[in-house]
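Thanks for asking me to look this over. Here are my notes, in numbered points, with the cut-offs given as the terms come up.

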Amino acid sequence: MSLTRCTLQGKLGIGGGAIYNASALTLTHCTLAENLASTGGGIFTNVSGSLTLASSIVSENSGTNIADVDNRGSVTHGGVNFIGNPAGSDHFPIALGIAC
């Protein structure tokens, strides 16, 4: 699935406040902000999923365990800005040059 020019804000979930991903997901020019979940307040991607973030913003999501992105699958990116919670992602390689 692909989402372009979207805003997902104020959503609530158990795993993935805005998105629970178990397949291939691409977000382009999207903003995920102020979502809440026990893990992956913005996005939770399970081990069978893949996540591509391009020119997107992940900001101020909340989670009991992991706030912004809990990615257990594969990940690629083309420019992501994490705002307000730089320690809020897990299994998301900082070596990719993600702005925190």
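Leaving aside neighbours within four places in sequence, which residues is Leu32 in contact with?

1. Leu32 is in contact with Leu8, Ala18, Ile19, Leu27, Gly42, Ile43, Ile57, Val58, Ser59 and Asn61. Contact here means heavy atoms within 4.5 Å. Before going further, please note that this is a predicted model: local features need pLDDT of at least 70 and side-chain atom pairs count only at pLDDT 80 or more, while totals for chains, interfaces and linings use all residues. Residues are numbered from 1 along each chain as its sequence is written, and side-chain values use heavy atoms, with hydrogens and water left out.

2. Leu32 also belongs to the largest nonpolar core, which has 14 residues. A nonpolar core is a set of buried Ala, Val, Leu, Ile, Met, Phe, Trp, Tyr and Cys residues joined through side-chain atoms within 4.5 Å; buried means under 20% relative accessible area, exposed over 50%, and partly exposed in between (1.4 Å probe, protein chains only). The members that touch the most others are Ile19, Leu27, Leu32, Ile43, Leu51 and Leu53. Strand 4, strand 8 (50-59) and strand 11 each supply at least two residues of this core, and strand 8 gives the most, with 3 residues. Strands (E, at least two residues) and helices (H or I, at least four) are DSSP runs, numbered from the N terminus.

3. Next, the disulfide, a pair of cysteine sulfur atoms within 2.5 Å. The structure holds 1 of these, joining Cys6 to Cys30 with an S to S distance of 2.3 Å. Cys6 sits in the loop between strand 1 (2-4) and strand 2 (7-9), and Cys30 in the loop between strand 4 (24-28) and strand 5 (31-33), so the pair ties together parts that are 24 residues apart in sequence. The torsion about the S-S bond is about 120 degrees, so the disulfide is right-handed. Both cysteines, Cys6 and Cys30, are buried.

4. Ser56, in strand 8, is worth a look. Ser56 is buried, at a relative accessible area of 1%. Its side chain reaches the backbone oxygen of Ala54 at 2.9 Å and that of Leu27 at 3.5 Å. Beyond four places in sequence, Ser56 is in contact with Leu27, Thr28, His29, Cys30, Gly79, Val80 and Asn81.

5. Two backbone angles to check: Glu34 and Ser55. Glu34 has a positive phi of about 55 degrees although it is not a glycine, and its place is the loop between strand 5 and strand 6 (36-39). Ser55, found in strand 8, likewise is not a glycine but has a positive phi of about 50 degrees. Glu34 is partly exposed at 46% relative accessible area, and Ser55 is partly exposed at 40%.

6. A search of the whole structure finds 1 aromatic pair (rings of Phe, Tyr and Trp, the last by its six-membered ring, with centres within 6.5 Å; planes under 30 degrees apart count as stacked, over 60 as edge-to-face and the rest as tilted). Tyr20 and Phe44 are stacked, at 5.4 Å centre to centre with 15 degrees between the planes. The pair links distant parts of the chain, with Tyr20 in strand 3 (residues 19-21) and Phe44 in strand 7 (residues 43-45), 24 residues apart. Phe44 is buried at 11% relative accessible area.

Key:
Polar contact = N/O pair within 3.5 Å; in protein donor to acceptor, adjacent residues only side chain to side chain.
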